[in-house]
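Here is a report on one chain and its ligand. Take a look at the structure first, then read on.

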Amino acid sequence: PNPSILILPGDGIGPEVMTEVRKIIGWFGEKRDISFDVSEDLVGGAAYDKHGVPLADETMAKAQEADAVLLGAVGGPKYDDLDFSVKPERGLLRLRKEMDLYSNLRPAQCFDALADFSSLKKDIVAGLDIMIVRELTSGVYFGEPRGIFEEGNERVGINTQRYTESEIERAARSAFELAMRRGKKVCSMEKANVMESGILWREVVTRVAADYPEVELSHMYADNGAMQLVRAPKQFDVILTDNLFGDILSDCAAMLTGSLGMLPSASLGAPMENGRPKALYEPVHGSAPDITGQGKANPIACVLSFAMALRYSFDLGAEADRLEAAVEKVLADGVRTADLLASEGVSPVSTSEMGDAIVA
Ligand code: NAI
Ligand code: MG
């Protein structure tokens with residue numbers, strides 16, 4: 001049977017950018033004889049409108065079965081006043097939690113044609129290609145005890161940074177596996193100088209590294225890592241870090257490369273019976289209500305998320321390279337959606353025209 005993809009377009013520009021990915025999936029079937037069983041369902045506000053919940057149980061079950069899930073975006077002003085338990089974001093959180101997607105991959109890649117777009121000097125970012133692996137299901141966002149408690153005559157807010165060896169180990173393995181397919185370097189970032197969880201993190205990562213003798217491991221304190229990311233980001237290949245530091249470092253790395261409309265992501269879990277990891281691919285951006293329905297959305301983040309699916313879920317690395325090269329070519333040719341235009345006087349293409357250009 002063909003590998004299966006569950007598409008969850010979601011809300012706002014989600015369906016708009018997903019339409020372009022569908023064109024590309026169609027192209028692979030037609031021109032490369034690579035076909036997928038694609039099914040589509042609702043998530044976020046769209047699911048709430050129909051089912052009264054942001055992710056129906058039936059959709060959750062389909063996601064568990066699929067070889068890969070591709071998600072657009074969720075949320076929007078229409079849903080801002082909903083009860084917390086049915087907010088669109090809860091649909092996404094449920095997917096991540098029940099699929100146990102513990103490893104979040106955020107590439108920061110600078111296309112030459114967009115190097116001027118970076119917040120940094122061109123020579124610092126031109127040719128940049130790094131990958132941040134963020135542990136996604138544990139750490140200080142989940143550790144107990146947590147809460148706001150009375151303490152004497154005032155209150156205290158408490159969160160707990162907590163990592164088990166096995167949680168660190170599985171995140172580390174996914175970083176080393178990735179490094180084997182890339183530049184064979186892992187830099188692990190924590191704060192072992194002031195945090196016990198950091199000491200354990202460093203110890204476990206070092207132990208895992210012994211299974212990957214070809215990969216060069218280094219360690220860096222996360223605060224220095226933030227500085228180095230902005231000073232000389234090209235020194236890195238794969239950066240491995242925890243949930244909190246990864247949240248911050250990946251947003252920082254994202255801005256090395258320009259527009260939110262360009263950034264893909266993958267969240268991976270344990271291997272399924274067929275050996276493929278459970279996987280959810282999604283652009284980093286949200287539902288962009290300010291441009292919804294205007295044909296202005298940049299589909300590239302979603303297209304590159306599909307390229308990640310080709311590479312990490314379907315072992316089609318060469319096809320992923322082909323798709324990324326198409327994106328690079330289109331950008332080099334000067335094709336730009338509105339978010340990629342720095343100067344007035346050049347007319348932007350629409351979402352659909354960008355998709356067509358990539359297919360062409
Ligand atoms: P956002 O990412 O939707 O938009 C931020 C800005 O970037 C906007 O000006 C938007 O027009 C622009 N932008 C985003 N994606 C773009 C694209 N592909 N092409 C061109 N321009 C693009 O973040 P915002 O405005 O904070 O949130 C809007 C809604 O999206 C909220 O309901 C929020 O909760 C939700 N959201 C959902 C996420 C998800 O589904 N993973 C992630 C972030 C926010
Ligand atoms: Mg963040």
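## Ligand shell

The shell around ligand 1 holds 11 nonpolar, seven polar and four charged residues. That shell comes from a predicted model. In total, 22 residues surround the ligand. The closest are Gly75, Gly261, His285, Gly286 and Asn298.

## The nonpolar core

The largest nonpolar core has 98 residues. Within this core, Val69, Leu70, Val133, Ala175, Ile239, Val303 and Phe306 touch the most other members. Helix α10 gives the most to the core, with 11 residues. Domain 1 (1-109 + 261-360) and domain 2 (129-255) both contribute residues, so the core lies between them. In soluble globular proteins, nonpolar side chains tend to be buried together.

Leaving out residues up to four places away in sequence, Val133 touches Ser103, Leu105, Ala171, Ser174, Ala175, Leu178, Val238, Ile239 and Leu240.

## Helix α4

Helix α4 covers residues 88-98. Its buried residues are Pro88, Arg90, Gly91, Leu92 and Leu95.

After α4 comes Asp100, with a positive phi near 55 degrees.

## Annotated binding site

An unreviewed UniProt entry carries a "binding site" annotation that covers Asp223, Asp247 and Asp251. Why do these positions count as one spot? They span 29 residues in sequence, yet no two of their C-alpha atoms are more than 14.1 Å apart, so they gather at one spot.

Asp223 sits in helix α8 (residues 222-231). Asp251 belongs to helix α9 (residues 243-254). The cut-off explains both calls: a residue is buried at 20 or more other C-beta atoms within 10 Å, exposed at 12 or fewer, and partly exposed in between.

Phe28 is part of helix α1. Phe28 is partly exposed, because 18 other C-beta atoms lie within 10 Å. Which residues does Phe28 touch, not counting residues up to four places away in sequence? The partners are Ile34 and Glu319. Phe28 and Glu319 are 291 residues apart along the chain, but their C-alpha atoms are separated by 8.8 Å.

Most residues other than glycine have a negative phi, and most peptide bonds are trans. Some sites here depart from that. The peptide bond from Glu144 to Pro145 is cis, with omega near 0 degrees. Pro145 lies in strand β6 (residues 143-151).

Asp33 is not a glycine, yet its phi is positive, about 55 degrees. Asp33 occupies the loop between α1 (14-31) and β2 (37-40). With 7 C-beta neighbours inside 10 Å, Asp33 counts as exposed. Asp315 also has a positive phi of about 55 degrees without being a glycine. Its loop runs between α10 (300-312) and α11 (317-332). Asp315 counts as partly exposed, because it has 13 C-beta neighbours inside 10 Å.

Definitions and conventions
Residues are numbered from 1 along each chain as its sequence is written. Chains are lettered from A and ligands numbered from 1 in the order in which they are written. This is a predicted model: local features need pLDDT of at least 70, side-chain atom pairs count only at pLDDT 80 or more; totals for chains, interfaces and linings use all residues. Helices (H or I, at least four residues) and strands (E, at least two) are DSSP runs, numbered from the N terminus. UniProt positions are given in the numbering used here, feature names are shortened, and annotations may be inferred rather than shown by experiment. A residue is near a molecule or strand if its C-beta atom, placed from the backbone, lies within 6 Å of it. Ala, Val, Leu, Ile, Met, Phe, Trp, Tyr, Cys and Pro count as nonpolar, Asp, Glu, Lys and Arg as charged, and the others, Gly among them, as polar. Two residues are in contact if their C-beta atoms, placed from the backbone, lie within 7 Å. A nonpolar core is a set of buried Ala, Val, Leu, Ile, Met, Phe, Trp, Tyr and Cys residues joined through C-beta atoms within 7 Å. Domain bounds come from an automatic or database domain assignment.
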